[in-house]
Amino acid sequence: MKFRIENWSKYGLFFLGIISLSLLSCSSKKNNNSSGHAVKPRVIVSSDIGGTDPDDFQSMIHFLMYADKFQVDGIIASPYGKGRKTDILHIIDLYAKDYPKLKKHGDFPSPNQLRLVAKQGATDGNPAKGWGEPSEGSKWIIKQAKSDNPQPLWILCWGGLDDVAQALHDAPSIASKIRVYWIGGPNKKWSVSPYQYIARNFPNLWMIENNSTYRGWIIDNSANPDLKPKAFYEKYIKGKGALGSDFGNYYGGSIKMGDSPSVAYLLNGNPDNPAGQSWGGSFTKLPYSAFRNFNQNTTTTDTVPTYSVVTWTFDSKENIAANENPEIWMEIDGQRINGFYAGNGVFKVRFVPKRIGNWKYTVNCSVKSLQGQTGEFVSANPWPGAENPDNAKLNNWWSDRTDKDLYVEQYQGTETIAKWRKDFLMDWAKRFEWIAN
């Protein structure tokens, strides 16, 4: 049958609609994965690798074994400890040995591509302002955030927020272009001033603050025996490839990897919806961040939320010469927490309690009137606690769920990761088979 011109008005729009839908479907299949999100999210990892905790070596091995799933725009070393970019390059060198086998299974970046985006981040923090001098890492964050790529830039923070805070200070406009998934908790006390700067000045930043949920990767006491930290290493990792062989150098191979949920969050689930289900946890909207300020030493009558920023302000009542640089720090939980001199005889110390319980501290100061003072306080669940005039209001921030049935031990939200333990570990085990000798 011939198709007559007069039939176009009747059928033309119908045919155009079919063609458009077909093209859209093809485009969707090309640009999306099974969860409907862009293939290869843009990712920068900021790690305190080589610092005080060797679990970042484990997490870096895990991350590189999934590097085919990401556009790796940067790997930044920003520790306060001894770790440097050389520690990242060490893991990349191991990856290079396994790369020929890995690339048979996916579009993995070459070792040289990864070396080119490895950067050195901040090595010293500013306890007063939370930002200081630009680092190679902070400048790289700005460069990548300002690129023409329309995708959001995910920054997975495994340690301090120093480079993120510096980048935001130097280029505030990038706040709308980045998404931050931060493993806080113990890291928060070492990054308290950058954290305070970001929370106070960038309340619209898209941020997941994971203070305790990440522990579901570590302490699931109900796990199958083969999936417990040391057993999993012995059965699925030990001796497999250069990466598996090196894994045993950290905690004897027993899995800690508290930073890996940030990677897993992008591997499974809908990353646009933090309240949804994913390997990297499920989170609740955080309307404010808890801050508590004291103008004197605290006692056990003072209770603060766990993971809150606690600031003590001490007025020495002494005249201190302008050319002096007096020090103050606290001995607390067996660690030294540095404070700073705020001028006019006033000193400040900031701390973040990482667990519930009673805390004791001793003040050490080069000004005699403050030296040796002591105090105590209590920290309690759940985070972020009650509303308080000191709190920082937030608009686009997410954090650990408070539901009672989602706790593992004292840690809130942890079950939202622990429930997926078999899924994410066995998926990883398949990749170790790829590089097995």
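**Strand pairing and local packing in the predicted model**

Strand β12, residues 328-332, runs antiparallel to strand β16, residues 357-365, and five bridges join the two. Within this pair, W329 has N364 of β16 as its bridge partner. The description given here rests on a predicted model. Averaged over the protein, pLDDT is 90, and 90% of the residues score at least 70.

On to the other partner of β16: this strand is also joined to β17, residues 374-380, by six bridges, again in the antiparallel sense. Here G357 is found opposite S379 of β17. Strand β17 in turn pairs with β10 in parallel fashion over three bridges, and P305 has A380 of β17 as its bridge partner.

Taken together, these pairings belong to an open sheet of five strands, ordered β10-β17-β16-β12-β13, with mixed pairing. Its edges are formed by β10 (303-305) and β13 (335-338), each of which pairs on one side only. From one strand to the next, the twist averages 35°.

The UniProt record, an unreviewed entry, places the feature "domain: DUF5060" at residues 303-365. In the model this span is 60% strand and 0% helix, and its end C-alpha atoms lie 25 Å apart.

After α9 comes G239, with a positive phi near 75°.

Q196 counts as buried because its relative accessibility is 17%, under the 20% cut-off. Beyond its neighbours within four places in sequence, Q196 is in contact with F291, V309, T311 and R350.

P287 gives a contrasting picture. This proline sits in the loop between β7 (283-285) and β8 (288-289). P287 is classed as partly exposed because its relative accessible area, 44%, falls between the 20% and 50% limits. Its contacts, leaving aside neighbours within four places in sequence, are with A392, K393 and L394. One of these, A392, is 105 residues away from P287 along the chain, yet the C-alpha atoms of the two residues are separated by 8.6 Å.

Finally, a word on the start of the chain. Over residues 1-37 pLDDT stays under 50, and the model has 18 contacts beyond four places in sequence for this stretch. Where pLDDT is low, the predicted coordinates should not be read in detail.

Technical notes. Residues numbered from 1 in each chain as written. Predicted model: local features only at pLDDT ≥ 70, side-chain atom pairs only at ≥ 80, totals over all residues. Heavy atoms only, no water. UniProt positions renumbered as here; feature names shortened; annotations may be inferred. Helix = DSSP H or I, 4+ residues; strand = E, 2+ residues; numbered from the N terminus. Pairing = 2+ DSSP bridges. Buried < 20%, exposed > 50% of the residue type's maximum accessible area, 1.4 Å probe, protein only. Contact = heavy atoms within 4.5 Å. Axes fitted to C-alpha atoms, helices over the stretch in contact; angles between N-to-C directions. pLDDT = per-residue confidence, 0-100.
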